[in-house]
Amino acid sequence: MAKQCRYVVNAVGKGGETYYTQFDDKQELTNWITDRQEKLVMEELKIIDKNRFSLSKWLRFKI
C-alpha cells in the first residue's frame, strides 16, 4: 500500500518558480517553509491538509 502524504504545498517563488511538494508531518512542512521563506511569495502559498474534514464532501447535493 502506498503511503499518502498529509500536507500538499503549492507555492510561487519571487523569481517566477513554481513549487509543488508534499509532506508527512507539520514539522517537515514548517522546516521547508522556513528554509525557503526569502524565496517564496508568501501571499501565493497554498497548503492543503488532507486530513482536515472538508464541508464540501459532507454537503454534496444531488440534482
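Predicted model: local features only at pLDDT ≥ 70, side-chain atom pairs only at ≥ 80, totals over all residues.

Mentor: Residues are numbered from 1 along each chain as its sequence is written, and side-chain values use heavy atoms, leaving out hydrogens and water.

Trainee: Which residues of helix H1 are buried?
Mentor: Buried means under 20% relative accessible area, exposed over 50%, and partly exposed in between (1.4 Å probe, protein chains only). Helices (H or I, at least four residues) and strands (E, at least two) are DSSP runs, numbered from the N terminus. In H1, residues 26–36, the buried ones are Leu-29, Trp-32 and Ile-33. They span an arc of only 95° around the axis, judged by directions from the helix axis to the C-beta atoms, so they sit on the same side of H1. Gln-27, Thr-34 and Asp-35, on the other side, are exposed.

Trainee: What do the buried residues of H1 pack against?
Mentor: Contact means heavy atoms within 4.5 Å. Their partners are strands S1 (7–12), S2 (18–23) and S3 (46–49).

Trainee: How many residues has the largest nonpolar core?
Mentor: Such a core is a set of buried Ala, Val, Leu, Ile, Met, Phe, Trp, Tyr and Cys residues joined through side-chain atoms within 4.5 Å. The largest one has nine, including Tyr-7, Phe-23 and Trp-32. S1 and H1 each supply at least two of its residues.

Trainee: Is Asn-51 buried or exposed?
Mentor: Asn-51, in the loop between S3 and helix H2 (55–58), counts as exposed because its relative accessibility is 57%.
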